[in-house]
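I opened this notebook to record what I looked up, entry by entry. The structure is placed below for reference.

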Amino acid sequence: MTAQSIERATEPRGEAAEPAKRADKVDFKMVTFSLAGKEYGIDIMSVKEIAKAGRFTYVPNAATFVRGVYNLRGDIISVVDLRIFFHLPAERKEEEALESLIILKIDEHVFGVIVDAIDKVVGISSAAIQPPHPIFGDINVKYIKGIVENGGKLYIILDVEKIFAPDRDEDIPKPVILENQKLMEEAAEESERAARFRESTGKDIASSFVGETLSSFKGFHVTPVNEEWFEARYAEWKSGRKGSELQLKEASEADQFLEAFWSPSTGRLWEDEYAQAAEKILPPIEAKTINVWNPGCGKGYETWSFASILKKRYPEIRIKIWANDSDLLAISMAPNMVFSENVPEYYAPFMNKGRNGLAFSQAIRDSIFFEFHDVMNANPLPPLDFILCRDMLSFVGPIDQKRLLGDFYDKLKPNGILICGSNERLGDGWTAIGAQGVSAYRKG
Amino acid sequence: MRVEYINPFVEAAFNVLREVLQSDVRRGELYLKSTSMPVMGVAAIVGLAGDVEGRVLFDMDKPTALKTASAMNGEDLPTLDELVKATITELANMITAQAVTKLHDLGFRFDLTPPAIFTGDNMEVSNSDVEALIVPMETVHGKIEINVAIRERA
């Protein structure tokens with residue numbers, strides 16, 4: 001076995017050809033290489049060394065992109081062929097020929113990746129890195145950190161940590177080979193899933209990309225809860241725009257996309273119509289107290305609205321509402337909310353006129369606890385009659401969402417009711433009872 | 001934690017620290033935490049009872065505790081002796097008491113338990129199912145973190 005380590009050569013700073021205006025400071029260095037004729041880069045901090053090597057020891061039963069294992073001065077490392085990993089054409093070299101190998105060190109794990117040719121080390125300013133564009137096609141966007149132009153060439157910077165990072169939940173590092181085995185399975189599964197996705201939707205990889213942009217710009221996650229809305233909205237969006245305009249390029253566009261998502265009367269007191277519709281779904285209750293949880297209440301408009309509705313529907317019963325939000329600024333304003341004259345008629349009986357305007361009466365006030373609280377932490381609450389969480393489930397990640405829905409289910413009393421956003425849908429274990437724009441579910 | 005409880009604690013901490021240290025105090029960003037967290041070295045704890053249940057924990061490292069105690073006593077205290085511990089305990093008591101007084105004016109009834117102080121290396125508080133509000137205070141003598149966990153009695 002041969003391994004000729006090549007010294008890392010840093011390109012001289014500020015090439016003469018480079019225009020003077022690009023005097024940005026060099027704070028990001030990458031090793032550049034080519035794959036199927038395109039230029040790529042990897043952050044130099046992940047690169048341990050580069051080498052020429054060949055005659056890898058074949059590992060039976062490994063995924064196709066694993067070329068085998070290799071003895072790097074006594075350490076056994078696994079070698080992944082990046083071209084095969086990304087489904088790019090790879091020329092098969094002769095048995096004895098040497099391949100260009102980049103040795104990566106990610107956390108404690110060392111891997112070798114095979115590329116077509118290693119070019120050089122390029123220093124750039126990290127400010128010049130552009131976000132990845134959806135139509136790169138060859139390589140899944142989530143593996144791309146960004147794209148950068150240098151010396152007339154475009155380099156795609158790969159996020160090797162995403163590609164190879166071991167599962168962070170696991171504290172005990174597994175042997176490299178085992179880890180790799182898992183990666184392979186995952187990667188195989190991933191590519192299979194991607195293939196299936198492409199088949200099922202045929203044309204629209206772009207829609208999944210729009211979904212990803214929404215999550216990175218606005219924290220909105222496309223999940224079964226809102227899939228139905230998302231697909232309809234995407235179709236509408238697509239018909240209104242064409243070509244490159246389809247994608248959401250900035251936060252304001254994501255806002256525009258989500259404009260249609262919000263439930264009626266978001267950010268203000270519920271309109272009469274919506275309030276009456278909500279009142280209609282409230283079942284008769286015989287109890288001394290009604291417990292309500294309103295996670296993600298924001299500035300508290302919906303809490304005040306719902307408190308009034310409950311008071312009207314159950315005038316004799318004591319009502320307790322726990323309203324939380326993790327946005328300190330929004331929740332701080334909630335308890336002392338004052339309104340101008342023109343509030344919906346529905347609330348008139350529950351409001352008093354004060355010096356600064358209309359405010360809710362003490363009886364309503366006493367029924368609500370506004371709390372600075374993150375629902376992802378423990379939620380110490382008694383058994384609940386109602387949960388009000390409009391447009392909130394869509395803004396937690398899929399795993400947290402699942403956990404939260406489980407928590408909701410556990411905390412609701414039998415036949416308890418959950419009111420979610422008008423464009424949100426719940427699945428098994430919930431019976432839809434909503435009507436007239438109010439989306440509500442009964443447990444069981 | 002109820003929104004109404006936040007300000008009294010922040011204000012009390014700010015006022016008392018500025019008064020006893022006779023110097024500028026800066027408040028850091030407030031945040032919530034529910035995982036177990038390391039204690040910097042000196043921690044004074046005051047329990048709360050009444051309408052609510054909870055505790056307030058004042059956490060700082062040893063040099064900060066020494067310097068703060070020295071400033072409060074007007075003499076140089078180089079070792080973590082009884083006087084230093086008593087001073088930090090008193091500081092915790094003053095801040096919590098002032099916060100509770102403010103809360104009382106707002107109509108909330110809180111009682112205090114006598115403060116206790118813990119010192120040592122590599123300590124950790126873990127009551128992971130309790131969410132705590134962290135109020136970081138930057139003083140000239142170092143950082144003091146006030147960790148408030150209060151919940152309504154069910």
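**Ground rules.** I noted that this is a predicted model, in which local features need pLDDT of at least 70 and side-chain atom pairs count only at pLDDT 80 or more, while totals for chains, interfaces and linings use all residues. Residues are numbered from 1 along each chain as its sequence is written, and chains are lettered from A and ligands numbered from 1 in the order in which they are written.

**Helix pair.** I took helices (H or I, at least four residues) and strands (E, at least two) as DSSP runs, numbered from the N terminus. At what angle do helix 7 and helix 8 of chain A pack? I found about 50° between helix 7 (residues 272-280) and helix 8 (residues 301-313) of chain A, with axes 10 Å apart. The axes are lines fitted to C-alpha atoms, for helices over the stretch in contact, and angles run from 0 to 180 degrees between N-to-C directions. Helix 7 of chain A is therefore oblique to helix 8 of chain A; angles under 35 degrees count as roughly parallel, over 145 as roughly antiparallel, 65 to 115 as roughly perpendicular and the rest as oblique. Contact requires C-beta atoms, placed from the backbone, within 7 Å.

I checked helix 5 (residues 227-240) of chain A: at 1.5 Å a residue its 14 residues should span 20 Å, and its end C-alpha atoms are 20 Å apart, which agrees. The expected span is 1.5 Å times one less than the number of residues. Of those 14 residues the number buried is 1, so helix 5 of chain A lies largely in the open. A residue is buried with 20 or more other C-beta atoms within 10 Å of its own, exposed with 12 or fewer, and partly exposed in between; C-beta atoms are placed from the backbone.

**Loop residues.** I found A:A36 in the loop between strand 1 (28-35) and strand 2 (38-43) of chain A, with phi near 50°, a positive value in a residue other than glycine. A:A36 is partly exposed, with 16 other C-beta atoms within 10 Å. B:N122, between strand 7 (116-119) and strand 8 (123-125) of chain B, has phi near 55° and is exposed, with 7 other C-beta atoms within 10 Å.

**Between chains.** I recorded 16 residues of chain A in contact with 14 residues of chain B. Strand 15 of chain A gives the most to the side of chain A that touches chain B, with 4 residues.

Definitions and conventions
Contact = placed C-beta atoms within 7 Å.
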